[in-house]
Amino acid sequence: MSPSIFVATILTGALCGFGLALSTLVRPEAVLAFLRLQDFGLLFVMGGAIAVTMATYQLAPRILTRPVFRLAFDTAPGELNRRKVVGAAIFGIGWGICGVCPSPALAALGAGDFTVGIAAVAIFAGAYVQGRWFG
Amino acid sequence: LTPYEDSELPARLAFVVGLVLAPLVYLAAGGSIAQTVSSDLPLMAAAGLLVGFGAVYGGGCTSGHGVCGLASLDKASALAVLTFMTTGIITANIVAALGGR
């Protein structure tokens with residue numbers, strides 16, 4: 001991986017983290033207010049992100065011969081199986097309790113949020129347990 | 001820019017580094033992010049374990065299935081999103097009803 005791509009990838013991560021901070025999605029309270037159906041702001045954040053990503057996914061392969069950072073475009077895996085549903089159900093239960101999902105957890109680490117930091121460490125641990133014994 | 005082939009790990013690490021650094025820049029630029037107050041750290045940790053386990057077991061989270069999966073019109077991702085939204089909404093309301101934060 002070339003240094004320029006490495007730096008450019010850091011910037012893409014930073015753009016994502018900046019968006020999460022600006023949209024208050026780094027705050028578990030905002031996420032839990034949505035899940036309790038009290039505040040639908042999160043729907044606009046997610047809807048906006050999906051719209052931009054969908055436009056990019058549809059247009060980029062027609063305009064570019066290959067992605068800027070990669071050698072070839074991938075297709076969506078699309079395979080429907082039990083694991084996806086079971087994993088999503090478990091993820092949702094944890095998300096409903098703490099209001100923290102992986103990307104905001106990492107961004108909140110940068111914001112120095114101790115409570116979310118605890119959740120972030122636990123997310124790593126959960127991912128490790130999955131890979132070690134259930135992979 | 002020279003594209004990378006199979007060096008997925010450095011690419012993922014670079015993305016994570018950016019994700020962690022961005023809020024620092026946001027704060028330095030005068031933005032503010034309120035700190036989370038939780039009286040129940042063990043519960044946060046237990047919930048985090050479920051989030052990490054479930055996200056990897058199910059092959060995606062709100063970003064993977066939610067944003068990228070739905071944006072690529074992936075049916076399996078749509079089912080995953082429907083599933084975690086349902087369990088998330090039910091769980092959050094149960095926690096609220098039990099007097100959780």
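A:Thr24 is partly exposed, because its relative accessible area of 41% falls between the 20% limit for buried residues and the 50% limit for exposed ones. The structure is a predicted model, and A:Thr24 sits in the loop that joins helix H1 (3-22) to helix H2 (28-35) of chain A. Although A:Thr24 is not a glycine, its phi is positive, at about 65°. Most residues other than glycine have a negative phi. The C-alpha atom of A:Thr24 is separated by 9.3 Å from that of A:Pro104, a residue 80 positions away along the chain.

A positive phi also occurs at A:Leu37, which is not a glycine and has a value of about 60°. A:Leu37 belongs to the loop between H2 and H3 of chain A. With a relative accessible area of 44%, A:Leu37 is partly exposed.

Chain A as a whole contains six helices and zero strands, so that the order of its elements from the N terminus is α-α-α-α-α-α. The C-alpha trace of chain A spans about 45 × 35 × 30 Å along its principal axes. Of the 135 residues in chain A, 44% are buried. Among the contacts in chain A with a separation of 6 or more, 46% are between residues 24 or more positions apart. The accessible surface of chain A amounts to about 7,000 Å², and 71% of this area is supplied by carbon and sulfur atoms.

On the surface, A:Leu59, A:Ile63, A:Leu64, A:Val68 and A:Phe73 form a nonpolar patch. Together these residues have about 460 Å² of accessible area. One of them, A:Leu64, lies in the loop between helix H3 (41-63) and helix H4 (82-98) of chain A. A:Leu64 counts as partly exposed because its relative accessibility is 35%, which is over the 30% required of a patch residue.

Charged side chains were examined next. Side chains of opposite charge can pair when their charged atoms come close. A search of the whole structure, over all chains, finds one salt bridge. A salt bridge links the side chains of A:Glu29 and A:Arg27, with an N to O distance of 3.3 Å. A:Glu29 has a relative accessible area of 30% and is therefore partly exposed.

Between chain B and chain A the number of salt bridges is zero. The two chains bury about 7,000 Å² between them, and 75% of that area is on carbon and sulfur atoms. On the side of chain B that touches chain A, helix H1 (8-28), helix H2 (41-57), H3 and H4 of chain B each supply at least two residues. The contact involves 81 residues from chain A and 71 residues from chain B. Six residue pairs are found in polar contact across the interface of chain B and chain A, with both residues of each pair at pLDDT 80 or more.

Helix H3 of chain B, residues 62-71, has several buried residues, namely B:Thr62, B:His65, B:Gly66, B:Val67, B:Gly69 and B:Ala71. The buried residues of this helix pack against H3 and H4 of chain A, and also against helix H4 (75-97) of chain B. B:Leu73 follows H3(B) and has a positive phi, near 55°.

A:Ser103 counts as buried because its relative accessibility is 11%, under the limit of 20%. Leaving aside residues up to four places away in sequence, A:Ser103 touches A:Leu20, B:Leu19 and B:Ser63.

Notes
Residues numbered from 1 in each chain as written. Chains lettered and ligands numbered in written order. Predicted model: local features only at pLDDT ≥ 70, side-chain atom pairs only at ≥ 80, totals over all residues. Heavy atoms only, no water. Helix = DSSP H or I, 4+ residues; strand = E, 2+ residues; numbered from the N terminus. Buried < 20%, exposed > 50% of the residue type's maximum accessible area, 1.4 Å probe, protein only. Patch = residues over 30% accessible without salt bridge, like charges linked within 9 Å, V, L, I, M, F, W, Y side chains within 5 Å. Areas by Shrake-Rupley, 256 points an atom, 1.4 Å probe, with all protein chains shown as cover. Salt bridge = Lys/Arg side-chain N within 4 Å of Asp/Glu carboxyl O. Contact = heavy atoms within 4.5 Å. Buried area = accessible area lost by both parts, 1.4 Å probe. Polar contact = N/O pair within 3.5 Å; in protein donor to acceptor, adjacent residues only side chain to side chain.
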